[in-house]
2 protein chains.
Amino acid sequence: MRNPDTTAYGSGGALAGDVLGAYLRTQAVAFLRALRLHTEAAGSAPAGGAAAADAAEAARGLRGAARRIAGSLTTFRAVTDSAWADGLRGELAWLSSVLADEHTSAALPARLLDALHRLSGSPDRPGGAAGGGLAAGPLRAAALLERQLAPARARAHAAALQAMGSSRFHAVVDAVAVLASEVPLDPVAARGPVADVLVPLAAVPRARLEAAVAALPRPAQAPPYDAGQDGSWHEVRHLLRIHRYAREALGEDVARPAEAGGALARQGDAAEAAAASAAAARTPRIAPATAYALGVLHADQRHEAEAARRAFHRIWHPAPTPA
Amino acid sequence: MRNPDTTAYGSGGALAGDVLGAYLRTQAVAFLRALRLHTEAAGSAPAGGAAAADAAEAARGLRGAARRIAGSLTTFRAVTDSAWADGLRGELAWLSSVLADEHTSAALPARLLDALHRLSGSPDRPGGAAGGGLAAGPLRAAALLERQLAPARARAHAAALQAMGSSRFHAVVDAVAVLASEVPLDPVAARGPVADVLVPLAAVPRARLEAAVAALPRPAQAPPYDAGQDGSWHEVRHLLRIHRYAREALGEDVARPAEAGGALARQGDAAEAAAASAAAARTPRIAPATAYALGVLHADQRHEAEAARRAFHRIWHPAPTPA
């Protein structure tokens, strides 16, 4: 990050505890509101498409607030009551991982079936008018993927429902409800100025992110797509979130991290979809038309992942603007 | 073309016949030199890879010179002895089409086998270490494509050999040899200034090209890839050649048409390769791993065609440069 943005509180006289406390309280309120919306959507009858969309939107809000609270407790641990912060952070990590599994296991088949639907609709594609013997491929591939991915989706949904009915979850909600009114802080650190306390702490995840990004192969050197790098990209996505939430807590502009995060999300979704179509193609005794459609699907998703990787680098290393 | 480049001869006092005659003589000499190299390469023993590469390079030179002469005789027909020009143009069109068939029928399988070779070598790809049951796919797809495309390549090679041994070909060579020393021109038009005679004639293929490019869908509106548009792209490639040769004859800068032509050549090659892999996947009773590799290959080539289409638009409609 060659152009460090200005730190909103960096030069003012605000106290670290006030700024962090306000951010955590805001996120706690957002968590509780999302939980209420989720409960309403889940309880509404009949449970149609609109209710499911509301529930998914509420779950997204819940995940986002849980990640922000957990991220802030990590980055700014020294400003909080550390024992309390470590406990809550672990519980929020558990919750957001359960919710993320539920989201991913539903989003992956939706993405694949949508791409196959477009394949079968295009005049040029295997299922199109000119497809000949390949016409049934996308439909058969969709049926195969649906069959293979439905159990994982059902399991993740059941796990999320079970988690949200557990006493462990209720304890998390109670802790967040307390947080909404009163944030347990370290009495000394909380009274320090933002610039002396929070800003140096926020530089830590930023440095870790910079190192992880620097370790990514740049598009010019990189082979077209290498699934072996999916882990590095996943790590960058995780570190970018932590960095972004630290900036948010400091009241800084997060437009660029948010845009870069969008590219990383597209990268991750496409890479996962490419892997799932390759895995499905290893199913014994599938028809050649099915395998062909899965090959097209795999390559299309791989290209989307590549495009998202290039987009991330463009956002993160912008070309120097002419003076 | 919003920035018409300067016309090298446009403002000078050169005569149309002198300028066109010099260009045609140069191309006739290039034709005869390429023919000599081709004969030498074909006659060299043993006929190894180097000789085959020399023969291919000489055939490329022959095609280029034949196209340039035929293109100039089309664009500047009014400045030539029209009956002679029409006859030679037709014979050169026959010759360059035979040579182009030979080139394409060899380049297509080479491109596909090369792409499959890269597929089988990549850790991420169907034939890679993690490929499991898909590992044999690229090799089997390569064998299938080789089997399907070899007859057409052999036929086109035989047709080119036969053509170049025919009396029809010898008559073309005789006519080009005459052209190398004396260009049959229209006595009145040839004495006009370049700006009044050649420049308006060169504007005709330029206008046709502009219209054909304007009729292409722009990337933003276009669906990702539509094989139904291959014909329009082929037409633009043909018109761009005619335009480029007219500019060459006028001594104008051809860097941009040459670069745009390179993008169109990549587009055409990739589109043809995508179609060939889809066609091969329609072969009855192929193994799923073969079909999967052909699907990946098809989509990869389709993406290369898309990228080349975008590159052409970027070259042809450059972003306005900041003042």
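Start with S166(A): a polar atom of its side chain lies 2.6 Å from the backbone oxygen of A163(A). The S166(A) side chain also reaches the backbone nitrogen of F169(A), at 3.1 Å. Both are polar contacts (N or O atoms within 3.5 Å; within protein, one must be able to donate a hydrogen and the other to accept it, and residues adjacent in sequence count only if both atoms are side-chain atoms). Helices here are DSSP runs of H or I with at least four residues, numbered from the N terminus.

This is a predicted model, where local features need pLDDT of at least 70 and side-chain atom pairs count only at pLDDT 80 or more. Residues are numbered from 1 along each chain as its sequence is written, chains are lettered from A in the order in which they are written, and side-chain values use heavy atoms, without hydrogens and water.

Next, select helix 1 (residues 16-43) and helix 7 (residues 194-215) of chain B, whose axes come within 8 Å and cross at roughly 50°. Which residues make the contact? They are A16(B), V19(B) and L20(B) of helix 1 and V194(B), V197(B) and L198(B) of helix 7, where contact means heavy atoms within 4.5 Å.

Finally, select helix 3 (residues 82-121) and helix 9 (residues 255-281) of chain B: their axes come within 10 Å and cross at roughly 70°.

Note on methods:
Axes are lines fitted to C-alpha atoms, for helices over the stretch in contact, and angles run from 0 to 180 degrees between N-to-C directions. Helices (H or I, at least four residues) and strands (E, at least two) are DSSP runs, numbered from the N terminus.
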